[in-house]
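Please look over the chain shown below before reading the briefing that follows. The notes are grouped by topic.

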Amino acid sequence: MKQHLQLLGFEVRDLVTKRAGVVVSISFDISGCVQGYVTPRADKDGKVADGWWCDTKRLIAITDKPILVSNFVEIPGGTRLPAPPSKTAP
């Protein structure tokens, strides 16, 4: 698990499609699939193309240091509300 999380914040390249961008999220599915959400850099006009989910085993870091990594500290403020009740299936 740790090796997958270490991709967070790094600029990566997809070994299959050759697309590049920064890993901004990691998803661990119950089926065992581990994917990173990759967001490409902005173009010369400042527009950012849509990102994509990619299996982490296809991603290789192309920078030595992460571009940005959160320290995952809770931000104060907001309220903690209970979840709305579940609806039963028809």
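What is the mean pLDDT of the chain, and what percentage of its residues reach 70 or more? The mean pLDDT (the predictor's confidence in each residue, from 0 to 100) is 84, and 83% of the residues reach 70 or more. This is a predicted model, in which local features need pLDDT of at least 70 and side-chain atom pairs count only at pLDDT 80 or more, while totals for chains, interfaces and linings use all residues. Residues are numbered from 1 along each chain as its sequence is written, and side-chain values use heavy atoms, with hydrogens and water left out.

**Fold and confidence**
- The chain holds one helix and five strands, in the order α-β-β-β-β-β from the N terminus; helices (H or I, at least four residues) and strands (E, at least two) are DSSP runs, numbered from the N terminus.
- Among these elements, helix α1 (residues 2-5) has the lowest mean pLDDT, 72, whereas β1 has the highest, 95.

**Surface and contacts**
- The chain exposes about 7300 Å² (Shrake-Rupley method, 1.4 Å probe), of which carbon and sulfur atoms supply 58%.
- Of the 90 residues in the chain, 22% are buried, meaning under 20% relative accessible area with a 1.4 Å probe, protein chains only.
- Of the contacts (heavy atoms within 4.5 Å) with a separation of 6 or more, 42% join residues 24 or more positions apart.

**Asp 14**
- Asp 14 lies in strand β1 (residues 11-14) and counts as buried because its relative accessibility is 1%.
- The side chain of Asp 14 reaches the backbone nitrogen of Val 16 at 2.9 Å.
- Leaving aside residues up to four places away in sequence, Asp 14 touches Arg 19, Trp 52, Cys 54, Arg 58 and Leu 59.

Definitions and conventions
Buried < 20%, exposed > 50% of the residue type's maximum accessible area, 1.4 Å probe, protein only. Polar contact = N/O pair within 3.5 Å; in protein donor to acceptor, adjacent residues only side chain to side chain.
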